[in-house]
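Here's a quick tour of a few spots worth a look.

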Amino acid sequence: MNYRFFFNIKKLYVLLILSFFSCKVVSQNYFISGQVIDNKTKEPLAFVNIVVNNDKQLSQTDIDGKFKILYKYKIDSLKLSYVGYESAIFKTTEKAKNIIIPLEKKEILLNEVVIFPGINPAHRIINRAIENKDQNNPEKMGSFSYTSYNKMIITANLDSLGTHIQENDTSFSDIKNFLKEQYLFLMESVSENKFIFPDKVNENIIASKISGIKNPLFTLLFKKLQSFGFYNNIIQISGKNYISPLSKGSTDKYFFLLEDTLYQGNDSIFVISYKPRRGKNFDGLKGLLYINTNAYAIQNVTAEPYFDNDEMMKVKIQQKYEFIDNKQWFPVQLNFSLVFSNILLSDSASKKGDSKNNSSKNALVGEGKSYLTNIVLNPVLKKNEFSNIEMELPNQVNKADDKIWNAYRIDSLSEKDKRTYQIIDSISKVAKIDNKINTILILTEGKIPFKFLNFDIGKIVNYNDYEGWRLGLGLHNNYKLSKKITAGGYFAYGFKDKALKYGGDAVLNISKAHEISLGLSYFNDVTESGGISFYEQTYYLSNSGYREFLINRMDNNIKKEISLKFTALQYLKINMSFNTSKKSVTDNYFYGVENENISLLLNQYNFTELGVGLCYSYKEKFIKTPENRISLGTKYPIIYFNYSKGFNNILSGEYNFNRYELKITKSFFIKNLGAPALQFQTGYIDGDLPSCNLFNGTGSYRQFTIASSNSFATMRMNEFLSNRYAALFITHNFGKLLFRTKKFSPEIALATNLCIGDLNNTSKHFNLNFRNLSKGYIESGLLINNIINNKLYGIGFGAYYRYGYYALPTFKENIAYKFTVTFNI
C-alpha cells in the first residue's frame, strides 16, 4: 500500500481546512443597511451617492432610497452626497441595520451660469448618449418579456397637515389619527409582458388587489403615468407629451450641468442635471441623468415637468436600469410620485388656514412602484400570440391566491398595508363603494343605472334652434336583466316646435368576442335636413357636438331599420343596414319632379335604402376587461366610409341613387411645433334627391357662440346645398410654445377650413335660399384656449374670418367670435 500517497492527501486536507478558516478570518465582511430620506418631507431619496470610510468605491441608494453595503473592513462612516442636498457624514456603529439617514435640502441653489472656457463637458456625454440611443433602447430590440409587480398607495402627507389648524378641531384630528394607521388607497397587481419590435405589445394581468374595490379596472392607473423607457424623442408623463433631454438637438434646448462623477468597477457614472434653458419655451422636463460609460447608457433617471402650475396632478418619475446578461441595459424599476393639487382633507384647513401658505391643499399624495423581474432578452415569440388587445384583465383576476402574491411581491406586506386592506374593505362594504364606482363608470357612457335599467342621459334634456328646449326620457335594460338582449325606447317633447317624438330599439348580442350584434329600431322623430353622420362617430367630451345647438332646419322622419354590426380584419368595424324612412318638410320647401309629363311639387319623400358604414382604425389598441373593450387609440389616420343604395319601387321607396361618403381624421404631435389636427371629408350622390338627403355644408355660424370643431364657423346654417363636395379642416395647436408665464399659460391655435362643392338640377328646389359651393369656400381663425383654466377644463376665446370668393360685404358679416371649451383629462 502506498502510505506516502495517503499521507500527502492528509496534509493537503489539513492545509485546505486551515486555509479555509484563515480566509474566513481575513475576509470577515461588515454589513450595514438603511434608507436615506428628505429631512422635511420624509420621502425616500433615490440614487444618493454613498462612500464608505472615504474609500473611492461608490455605493448608491436604490430607487426606493434604500441601501445595503457589504464591506471588507469595519465601517466607521458613510459620506453621502446628492444633487440639491447638503453633503453629510454619518458615523456608524458596529451593528447598524435599517438605519434612517435624513438629508437637508440646500436653501439656495445657484442660478444657471455658464462659465466654461470651452464646450460644456456635459454636452459631450449627452451627445454620446444620444448617439447610442438605439443601441441602448430596449424597445429597439427584436423582442423581450418580463414580469411586473406593481404597487400604488394614496394617502396624505401628514407633515403638511395641521400646522395651522386649531387643536380643538376634532374632525381634522380624527383624519390624522386614521391616516397614521392605514392608507386611503392601496393597489397591487402582477402582469406578464411580451414585446415584439416595433409595436406588438401584450400585457396579461394575472393578479390584482385593490383596497375597497373589486373592479380591477383601476389597475389601468399604471398604464399611462409614464413611458416604459426614457430613450424616445417624446416622453409621456400622465398622458402629456414632453421633449426628451436625450432627443436630437437637446443641448440647444436644455441646460445640462455635470454635477458629479462616480466610479463603479471599471465604469464611470456621470451625474448630470437638466432643465430647459432660459428663454426656451417648450414642454420640457427637469431632473437628473446618471449616464454609465458602459455604452453611455442611462443607469438611473429622475424627471418631472418643468412647468406644472396648471396640472391637476403633479407627477415625478424615477427609473432604474441594469445591464442584463451583460448584453442590454433594461429598466428594472419604474417609480412615480403624485401630488394632487387643491384637494382639501378638511374644511377647516381652508377656512382657518393661512391662504398664502395652505399646504393642506396639496396634502393628498400618491406613490407607485413597478418592479420588473424574469427579464428575457430576445425570446422566441410568435406574432400570432399578439392581437389588438394590448392589456387583458381576465375574470377572477382580483381573486388570486397568496401563492401568486408571495411569488412576486418584492417585500411582504407591512402591518399598515394589511390594515389598509382590512379597514378600507370593511368601509367600502358598508358604503357600497363598488356599486357607486360601477354607477360612475356607467355614467361616463351617458347612462344613469337604476336596478336593471339604464336611463339615457342624452334623452333627458337637449337643445337645438329648431325644437328649442327638448325634454324627454329614454331607458334600456342593462346586464342585470339580460346579457344577450338590450331593449328600450324613448320619448321627447320640443317646446319650440310643440311636437312629441318617440322611438324604440332592441339589440341581440350574438358574439361578444367578435362584437356581433343584430338590431331592430323604429323612431318617429326629427333629423337635420342635409346632415352628415358616420358610423362610430362620437361626440363625448368633444366640442364637435356644440354645432347641434345651432341646427335650425329639421325634417320629420319616420324610420324603420334592421342592422347587423360586427368587426373584421382586426381593425375594421362594420354596420350593415336596411331601412325605410318617410320624411316630411317642416317649412315651405318643395321638391319638383316630373311624373308622366306632369310637374309635381312634393314636401313628403319615401326612401328605401341598403347601406354599409365602415370605421377602420389601423393598429388601434384596446384594453380588454370582463365587461367590454376600452380603446387606447391609434397613431394612424382613422378612416370612415358610408355607402347607401336607394331603391325605387321597393317597399315605399321613390328614389334610385348611390350615396358615397368618406372621412379621414388624423392628429399628432410634432416636436417643437405643437399638435396639428386634420380632417378631410367628402361626399357624392349620383341621383337627384330632395334637400333633406343632400349635403348642407356643415355651417356653425353665430356672431358669438361656442366653437365647434370640424365645421365652418362663418358659414351660415343651410347657406349652401350640394350633391358632391370636399372639405378640409386644419387646426394647429401650438400649446404653450408661443406664450407662457408662471401664472398664465394659454394655448394658441390657428385654424383654416376649406370647402368646394356643386349641385345638379338646382331648379328642382323651391322656396329654399341656398348657394352653390363651386367657387370654393375658405375661412381662417385664431383661438386662444385655456385663458381661464381650473385644471379640469379650460375656457378660451377666438375668432374666425371669412374671405375669398364667398366673402360678404362688411367686416362684421365676415367675422365670427367664439368661446372655446377644452377638457384637460
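Keep in mind that this is a predicted model. Start at Asn193, which sits in strand E9 (residues 185-196). From there we'll move on to the nonpolar cores and finish with an open sheet.

**Around Asn193**
- Asn193 counts as buried because its relative accessibility is 8%, below the 20% cut-off.
- Its side chain has a polar partner: the side chain of Ser191, at 3.1 Å.
- Leaving out residues up to four places away in sequence, Asn193 touches Phe144, Ser145, Tyr146, Ser148, Asn202 and Glu203.

**The nonpolar cores**
- The largest nonpolar core is made of 44 residues.
- Phe230, Leu246, Phe256, Tyr274, Leu285, Leu289 and Ile298 have the most contacts inside this core.
- Helix H2 (residues 121-131) is the top contributor to this core, giving five residues.
- There's also a second, separate core of 27 residues, with Phe47, Ile50, Ile99 and Ile269 among them.
- Zooming in on Leu289, and setting aside neighbours within four places in sequence, its contacts include Ile126, Phe230, Pro245, Leu246, Phe256 and Asn300.

**An open, three-stranded sheet**
- The strand order is E31-E30-E41, and the pairing is antiparallel.
- Strands E31 (598-602) and E41 (765-766) are at the edges with a single partner strand each, so one side of each has no neighbour in the sheet.
- Strand E30 (residues 590-595) pairs with E41 over two bridges, in the antiparallel sense.
- Across that pairing, Phe590 stands opposite Phe766 in E41.

Methods
Residues numbered from 1 in each chain as written. Predicted model: local features only at pLDDT ≥ 70, side-chain atom pairs only at ≥ 80, totals over all residues. Heavy atoms only, no water. Core = buried A, V, L, I, M, F, W, Y, C linked by side-chain atoms within 4.5 Å. Buried < 20%, exposed > 50% of the residue type's maximum accessible area, 1.4 Å probe, protein only. Helix = DSSP H or I, 4+ residues; strand = E, 2+ residues; numbered from the N terminus. Contact = heavy atoms within 4.5 Å. Polar contact = N/O pair within 3.5 Å; in protein donor to acceptor, adjacent residues only side chain to side chain. Pairing = 2+ DSSP bridges.
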